[in-house]
Amino acid sequence: FFEKVAQEVDPRVAATWIKDELKRALNYAGKRLSETQLTPEEMIELLQLFSAGIITDKITRRFIEWLVGTPRSFRKLVSDLGLTRISEEEELRTIAERVIAENPQAVSDYLDGKQRAINYLVGKMMVATNGKADARVSLKILRHLIEN
């Protein structure tokens with residue numbers, strides 16, 4: 001299983017997700033890998049979506065939990081459930097502008113040199129997008145809007 005996945009995905013990524021998250025999901029479900037319908041091809045597809053930045057680590061964890069019980073096409077499931085990461089700068093800019101307007105104290109704190117305040121604003125963007133905002137892009141946009 002691991003060898004097949006590691007041939008198609010960065011072996012470090014495969015090892016981390018299989019060793020940590022897949023093992024956790026199997027333990028929680030009280031199953032062994034052989035007792036599931038999970039295929040290496042499904043794990044490869046999921047990790048490729050993650051590695052390409054299409055889905056977040058949180059969503060990847062949820063999919064692994066689902067995979068332990070019910071195999072699916074992740075590309076279709078991601079699309080059907082609207083779980084793709086939001087990285088469109090224009091869409092994130094609109095959300096960032098709203099977050100800035102709703103959180104003037106955090107903006108003031110950031111301008112006063114409190115670096116943690118920007119993380120608070122990124123968190124607000126994540127809440128506004130149900131965890132789908134690309135955090136790096138969100139941070140860049142927030143800094144740009146506040147500093148200029």
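**Helix 2 and a helix pair in a predicted model**

Biologist: What makes the span of helix 2 agree with its number of residues?

Modeller: Helix 2 runs over residues 11–29, and at 1.5 Å a residue its 19 residues should span 27 Å, while its end C-alpha atoms are 25 Å apart, which agrees; the expected span is 1.5 Å times one less than the number of residues, and a helix here is a DSSP run of H or I with at least four residues, numbered from the N terminus. This is a predicted model, in which local features need pLDDT of at least 70 and side-chain atom pairs count only at pLDDT 80 or more, whereas totals for chains, interfaces and linings use all residues. Residues are numbered from 1 along each chain as its sequence is written, and side-chain values use heavy atoms, leaving out hydrogens and water.

Biologist: Which residues of helix 2 are called buried, and what do they pack against?

Modeller: Buried means under 20% relative accessible area (1.4 Å probe, protein chains only), and in helix 2 this applies to V13, A14, W17, I18, E21, L22, A25 and L26. These buried residues pack against helix 1 (2–8), helix 3 (40–51) and helix 4 (57–69).

Biologist: Why is helix 7 called roughly perpendicular to helix 9?

Modeller: The axes, which are lines fitted to C-alpha atoms over the stretch in contact, come within 11 Å for helix 7 (residues 104–111) and helix 9 (residues 135–147) and cross at roughly 80 degrees. Angles of 65 to 115 degrees count as roughly perpendicular, so helix 7 is roughly perpendicular to helix 9. The contact (heavy atoms within 4.5 Å) is made by V107, Y110 and L111 of helix 7 with R143, I146 and E147 of helix 9.

Notes:
Helix = DSSP H or I, 4+ residues; strand = E, 2+ residues; numbered from the N terminus. Buried < 20%, exposed > 50% of the residue type's maximum accessible area, 1.4 Å probe, protein only. Axes fitted to C-alpha atoms, helices over the stretch in contact; angles between N-to-C directions. Parallel < 35°, antiparallel > 145°, perpendicular 65-115°, else oblique.
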